[in-house]
Amino acid sequence: MTEAETETAAEAETAGEAATVPFRFFGLTVVRTRRLSTSMLRVTFGGEDLRAFASGGRDQSLSLFLPHPGQPEPALPPETAPDWFATYRALPDDVRAVMRSYTLREQRRAADGAGADEIDIDFALHDDGGPACRWAARASAGDRVVILGPAVEDNTAVRFRPPEDTGWVLMWADETALPAAAAALEWLPAGTRAKVWIEVQHADDRLELTTAADADITWLVRDENAPCALDAVRAVPDAELPEGTPYAWIAGESSSVRALRRHLVQERKFDRKRVTFVGYWRRGLSEEQLRERVEEEDA
Ligand SMILES: Cc1cc2nc3c(=O)[nH]c(=O)nc-3n(C[C@H](O)[C@H](O)[C@H](O)COP(=O)(O)OP(=O)(O)OC[C@H]3O[C@@H](n4cnc5c(N)ncnc54)[C@H](O)[C@@H]3O)c2cc1C
C-alpha cells in the first residue's frame, strides 16, 4: 500500500464517505499462530472490525501497524487527523507504530451464527530480522495490531491482474511473495497455463499449493544451491514456454525483480504493460528506508 493510498483513506474517512472508501483502519487481535515451515509463520487475526474487511484475493496487500516491544498497542494518530500520514510520521521514532506491507493470505467469513471472521498473514522470518519479523516470532493470542486494509474487493492493492486475452501466466516469487503467489494460484481459473518459480531458503519451505490451473511449479531452494531467479528463468528455451500471449507477475527482493523484468521485456520481448513487478523488500534497507529511497528517486 502506498503512502498516497494511506493519505487517501485517511482523508476520505474524515469526509465521512465510509461506504465508498477503498481502504480503512481495522483494529485486530491475534487469535493464534502456526509455524508452516522453517521460514514461514502464519498469524491469524480476528476482531469485530473484520465484518467490514473485503479482500480482493490474489496478492491483496495491506499495511500492518505494530507496537514496539512493551507497548500494549500500536501508537497511531486518531483516524480523523487531517493530514494523517504526516501526523503519523511526526511521532517520535520509538513511539510511532512500526508500519510494514504484508499480503492477506486468506480471509474466512464466520458461518451463519457460528465462529468468527478471521484473516491470515504469512510472515517470512528472516535472519536479518527487522521489527515486523521479530514481532511475528513473539506474537501470541490477544496481541493488538492495526491494519490499513481494503473495505471493497475491487481495490488498487490487488496487482495480480492478467488481461482477458492472457494465453499463459509466468510467475516468480521469493518467500515474502509466496503468500501472494499461493493466493494468486488459488484464484487462477481451471486450465490456465502457468510457469511458476518460487525461491525459498529451506527444503521444508516448499509449501503445498492448491490450484486448478495447469501450473508447472519449480521450487528454487537456496539451501540446495538452486540457481537464482534470473538464471533459472533464462535457462528455459522459448520453445519450452507455453504458446499464446503471456502475462507476468514477479514479486520479491527488488534487485531480483528488476533483473527478471529486464530479462522478460528486453530478451524475451514481453510487452512491458503485461509485466506486473513489485519489489517487496530491498537487501540492506528496512521498509522505511526503502520508502524514503523511492521518494528521493521519484523526486
Ligand atoms: C506489497 C507487499 C507485500 C508483502 N507481503 C509480504 C508477506 O505476505 N509476507 C512477508 O513475509 N513479507 C511480505 N512483504 C515484505 C515485507 O514487508 C518485508 O520483508 C519487510 O521488510 C519486513 O519487515 P521487517 O521489519 O521484518 O524488516 P525491515 O526492518 O524492513 O528490514 C530489516 C532488514 O531485514 C532485511 N530484510 C527484509 N525482509 C527480508 C527477507 N525476507 N529476507 C532477508 N532479509 C530481509 C532488510 O533488507 C533489512 O536489512 C511484502 C512487501 C510488500 C511491498
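A residue is termed buried when its relative accessible area is under 20%, exposed when that area is over 50%, and partly exposed in between (1.4 Å probe, protein chains only). The structure is a predicted model, in which local features need pLDDT of at least 70 and side-chain atom pairs count only at pLDDT 80 or more, whereas totals for chains, interfaces and linings use all residues. Residues are numbered from 1 along each chain as its sequence is written, and side-chain values use heavy atoms, with hydrogens and water left out.

Helices (H or I, at least four residues) and strands (E, at least two) are taken as DSSP runs numbered from the N terminus, and two strands are counted as paired if DSSP finds at least two bridges between them. Seven strands make up an open sheet with antiparallel pairing, arranged in the order S4-S3-S7-S1-S2-S6-S5. Strands S4 (98-103) and S5 (106-108) stand at the edges with a single partner strand each, so one side of each has no neighbour in the sheet. Strand S3 (residues 61-66) runs antiparallel to S4 and is joined to S4 by six bridges; in this pairing, Leu-62 stands opposite Tyr-102 of S4.

A search of the whole structure finds 22 salt bridges, each defined as a side-chain nitrogen of Lys or Arg within 4 Å of a carboxyl oxygen of Asp or Glu. In one of these, the closest N and O atoms of Glu-118 and Arg-32 are 2.8 Å apart. This pair links distant parts of the chain, with Glu-118 in strand S6 (residues 118-124) and Arg-32 in strand S1 (residues 23-35), 86 residues apart. Glu-118 is buried, at a relative accessible area of 14%, while Arg-32 is partly exposed, at 40%. Both residues belong to a network of salt bridges that also includes Glu-106, Arg-108 and Asp-120.

A salt bridge also forms between the side chains of Arg-144 and Glu-73 (2.5 Å, N to O). Arg-144 is in strand S7 (residues 144-150) and Glu-73 in the loop between S3 and helix H2 (84-90), so the pair ties together parts 71 residues apart in sequence. Arg-144 is partly exposed, with a relative accessible area of 41%, and Glu-73 is likewise partly exposed, with 36%.

The search for disulfides, defined as pairs of cysteine sulfur atoms within 2.5 Å, finds zero in the whole structure. Cys-133 is buried, with a relative accessible area of 7%, and Cys-228 is partly exposed, with 39%.
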